[in-house]
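Hello,

Here is the structure you asked to look at. My notes on its ligand sites follow below it.

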Amino acid sequence: MRFWFALLILAGSMGAQEFERQQAFLKTYCAGCHGGKAATGGFHLDKVKEPSTLASNTHSWIRSKIRVENGEMPPKGVPAPSLDAREAFAKWVDTELKREACSGGITVGPRPLRRLNRDEYTATVQDLLDIHLEIGARLPADGAGGEGFDNAAETLFLSPLHSEKYLETAKLAMEFAAKEYKSRTRILVAKPEPGVTPDQAARKILAKFLPRAYRRPVAEMEYAPYLELFQAARKRGEEFEPAIFFMLRAALVSPHFLFRMETGDFALASRLSYFLWGSLPDELLFDLARDKKLNRPEVLRVLVGRMLRNDRSQNFAQRFIEQWLHTRDLGGDRMPDAKLFPTYAKDEDLRGDIRLQPVYFFREMLMRGVSILNLLDSKYTIGTSHLEKHMGIKLPLDPGRRTQPQWVELPEGSKRGGVLGMPAVLAVSSYPYRTSPVLRGAFILDAILGTPPPPPPPNVPPLEDGKTAAAPKSVRERLTLHRADPTCASCHSRIDPMGFALENYDAIGRWRDKDGGKLIDNTAEMIDGRKFAGPQELRTVLLEKKDLFLRNLASKLLGYALGRGLTLKDSCTVDAIVAEVKENDDSASKLIEAIVLSAPFRGESEVAK
Ligand code: HEC
Ligand code: HEC
C-alpha cells in the first residue's frame with residue numbers, strides 16, 4: 001500500500017518535472033513574441049502556464065503543438081529549437097492531452113451524417129436490385145478524409161453535380177433491372193390478378209422494397225408519395241410494370257437511401273454491414289435489429305466471424321488494404337515505367353496478382369484468425385504461378401489451380417514474409433523508374449508505424465540522376481552525400497535507414513543483388529546507433545516496434561469502421577482495443593471484433609470497460 005502510494009507521488013513529481021521542462025522550452029523559444037506584453041497572433045504563454053490549462057485550454061495547446069511540429073513556430077530568423085526538442089515537445093503535448101481526454105472514460109464521439117460513397121452506392125444498388133452493373137463509375141470520385149479513407153463523413157457531402165448524376169444512375173439502374181430475370185423476380189413480388197387491384201399490388205411491392213432501400217422499417221405515411229408516383233404514371237397511360245419501376249426509381253434518389261440516416265439498432269446493422277461488406281445489411285442482420293438482439297456482445301462476436309467468412313468481406317479487405325497501403329495507386333499515379341519494366345507492363349494477369357496479393361493475404365488472415373503481426377513478417381503469403389515467377393521463389397502451389405491466388409507456406413529463407421515482401425507495396429513506395437530508400441523509409445514510418453516524418457522543406461534540389469557525375473553513383477551514394485548536411489540529416493537519418501534495408505527489392509519488387517553494376521549495400525544504422533542489414537533484420541526491428549504498429553493499425557481500422565476522423569477522445573478507445581488484441585495473441589479477427597464491440601462503434605453511451 002505504502003509502496004504504491006510512494007510510486008504515485010514519484011510519478012506525480014516526474015510529471016511535474018516534465019511540465020516544467022516544457023515550460024522552459026516555451027519560455028526560451030516563444031516568450032519573445034508570446035510573452036510579457038506581447039500576444040502575437042492572439043496567443044499568450046499565460047494560456048498554457050498551468051497544468052490545468054491542458055484541460056481548460058486544449059485549443060491553445062493543440063495549436064502550439066501543430067505549429068511547432070510543422071516547424072512554423074518559432075518563425076524563421078529567430079533562434080530555433082533542434083528537431084529533437086521540437087518533437088519531444090509535440091509528443092509530450094500529445095500524450096498529456098490524450099491522458100486528459102481519457103480521464104473521463106471512453107465515449108462514443110461524434111456521429112456525423114454521411115452519404116454512401118461511390119463504392120458503397122454501387123454495391124448497395126447491386127444488392128438491392130440484384131444486378132451486376134458498375135453503376136458508380138458514373139458518379140464523381142470521392143476524396144479521402146478522416147484517417148485517410150474514402151468513406152469519411154468529412155468529405156461525403158452532396159454537390160449539385162451529385163444530385164444530377166444520382167438521377168441519371170437511378171434511371172439507368174432501373175431500366176437495367178426491368179430487363180433482368182433475376183432482379184424482376186426479386187422486385188416484382190406481386191401483380192394485379194383477379195381480386196388484387198394494381199394499387200394493392202404496387203403497395204405490396206413497395207413494402208418489400210422500401211425497407212431494404214432505407215435499411216430500416218418504413219412508416220405507413222412514407223409509402224404515400226411513392227404510391228402517388230405510381231398512380232401518376234398509370235394516369236399517363238403507363239402499363240403496370242413500367243409504372244412500378246418509375247415509382248421505385250424515386251427511392252434511389254431519396255436521402256434515406258443515399259444517406260446513412262438509420263437510427264438505433266438499425267444504424268448498428270448498417271454500420272456492421274458497410275464496415276465488413278461494404279453494402280446493405282442482409283435479412284439476418286435486419287431481423288436481429290428488429291428484435292433488438294443485435295447490440296449484444298455475444299451476438300456481435302458470432303456475427304463478426306460469420307461476416308468475415310462470407311465472400312462479401314473481400315470488399316472490405318480490398319477497400320481497406322488498398323487505401324491503407326496505397327496499392328490502389330498502382331494503376332494510376334504509381335504505375336511502374338513501361339519501358340523499364342516491360343514484363344510488368346505487358347502482363348495483365350501478373351499486374352492483377354501483384355495488386356491483389358496484399359488484399360487476399362489480409363482477408364485470409366482474418367478468416368484464419370492468425371496473428372495480425374503476419375503483416376510485418378510471416379511464414380505464409382498469397383501465391384500464384386505469376387507471383388512465384390516474379391518473386392523468384394518456389395511456392396508449394398496446388399497443382400490443380402496454380403494460377404489461382406492461394407495461401408501458401410513460404411520456403412525457408414525466402415525473405416518475402418509480410419507486406420514489405422510483397423511487390424505491390426514495394427512498387428508503390430518506389431518511383432516509376434527507380435527505387436527510393438527515402439520513399440520506402442517514409443512509407444514505413446507513416447503507413448506501418450503511424451509516425452510520419454515531417455513534410456520535406458521546399459526547394460530541396462532533386463537527386464541528380466547519377467549519369468552526369470564523373471562516376472555513376474548508386475541512389476544510396478547520392479543520398480549519403482545529402483546526409484552530410486546536418487539540416488538534411490535531422491530528417492533523413494531517421495527516414496532513410498529502413499529504406500536502405502529494402503534496397504534488394506527493385507522498383508517492381510523483384511529481388512536483385514546488384515544496382516548500377518555494384519553489389520547492393522543493404523546495411524543501415526538507426527538514429528540510436530543500432531545497426532542492421534537487409535529486409536529480414538528490418539522485420540525484426542519492426543516487430544520490436546509492435547506496439548506502434550498495433551496502435552496505428554487499430555486507429556486506421558477504427559477510423560475506417562466509423563467513417564470519420566478520430567478525435568483525441570477516441571485514442572482511449574484505441575488503447576482499449578490494442579490491449580484486448582494483445583491479450584488474445586495479437587489475433588487479427590480479435591482486432592476486428594474489438595472494433596465492433598467498442599463503444600463508438602456500438603453507439604452506447606455508457607462507459608465501456
Ligand atoms: C519571432 C516571433 C515569434 C516567435 C518567437 C514565436 N511566434 Fe508564434 N506567432 C508569431 C506570429 C507573427 C503569429 C501570428 C501569425 C501566424 O499565425 O503565423 C504567431 C502565432 C502563433 C499562434 C497562434 C496562431 C495559431 O496557429 O493558432 C500560436 C499558437 C503560436 N504562435 C505558438 C508559438 C509557439 C509555441 C512558439 C514557440 C515555440 C512561438 N509561437 C514562437 C510569432 C512568433
Ligand atoms: C523536415 C524533414 C526533412 C528535411 C529537413 C529534409 N528532407 Fe528531404 N525529404 C523529406 C521527406 C519526408 C521526403 C519524402 C518526400 C515524399 O514523400 O515525396 C524527402 C525526400 C527527399 C528527396 C527525394 C528522395 C528521392 O529518392 O528522390 C531528396 C533528394 C531529399 N529529400 C533531399 C534533402 C536534402 C538535400 C535536404 C537538406 C537540404 C533535405 N532533404 C531535408 C523530409 C525532409
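**The second largest pocket**

α22 makes the largest contribution to the lining of the second largest pocket, with 7 residues. Please keep in mind that this is a predicted model.

The lining of this pocket has 43 residues. Nearest the pocket centre are P455, P456, P457, V460 and C491. Besides α22, the elements giving two or more residues to the lining are α4 (83–102), α20 and α21 (475–483). The pocket volume is about 1400 Å³. By class, the lining splits into 27 nonpolar, 9 polar and 7 charged residues. Two domains each provide at least three lining residues: domain 1 (2–102) and domain 3 (326–457 + 471–543).

**Ligand 2**

- R434: a side-chain N or O atom is 2.8 Å from an oxygen atom of ligand 2.
- S436: a side-chain N or O atom is 2.6 Å from an oxygen atom of ligand 2.
- H492: a polar side-chain atom lies 2.8 Å from a nitrogen atom of ligand 2.

**Ligand 1**

Now the other ligand. How many residues surround ligand 1, and which are the closest? There are 16, with C30, C33, H34, R67 and M73 the closest.

- H34: a side-chain N or O atom is 2.7 Å from a nitrogen atom of ligand 1.
- R63: a side-chain N or O atom is 2.9 Å from an oxygen atom of ligand 1.
- R67: a polar side-chain atom lies 2.6 Å from an oxygen atom of ligand 1.

Which helix gives the most to this shell? α1 does, with 5 residues. Both α1 (2–34) and α3 (58–69) supply at least two residues. The shell around ligand 1 has 10 nonpolar, 4 polar and 2 charged residues.

Best wishes

Terms used
Residues are numbered from 1 along each chain as its sequence is written. Chains are lettered from A and ligands numbered from 1 in the order in which they are written. This is a predicted model: local features need pLDDT of at least 70, side-chain atom pairs count only at pLDDT 80 or more; totals for chains, interfaces and linings use all residues. Side-chain values use heavy atoms; hydrogens and water are left out. A polar contact is a pair of N or O atoms within 3.5 Å; within protein, one must be able to donate a hydrogen and the other to accept it, and residues adjacent in sequence count only if both atoms are side-chain atoms. On a 1 Å grid over the protein atoms alone, a cavity is a set of points where a 1.4 Å probe fits but cannot get out, and a pocket is an open set with protein on both sides within 12 Å along at least five of seven lines; lining residues have an atom within 4 Å of a point. Grid points are joined across faces, edges and corners, and a volume is the space filled by probe spheres set on the points. Helices (H or I, at least four residues) and strands (E, at least two) are DSSP runs, numbered from the N terminus. Ala, Val, Leu, Ile, Met, Phe, Trp, Tyr, Cys and Pro count as nonpolar, Asp, Glu, Lys and Arg as charged, and the others, Gly among them, as polar. Domain bounds come from an automatic or database domain assignment. A residue is near a molecule or strand if one of its heavy atoms lies within 4 Å of it.
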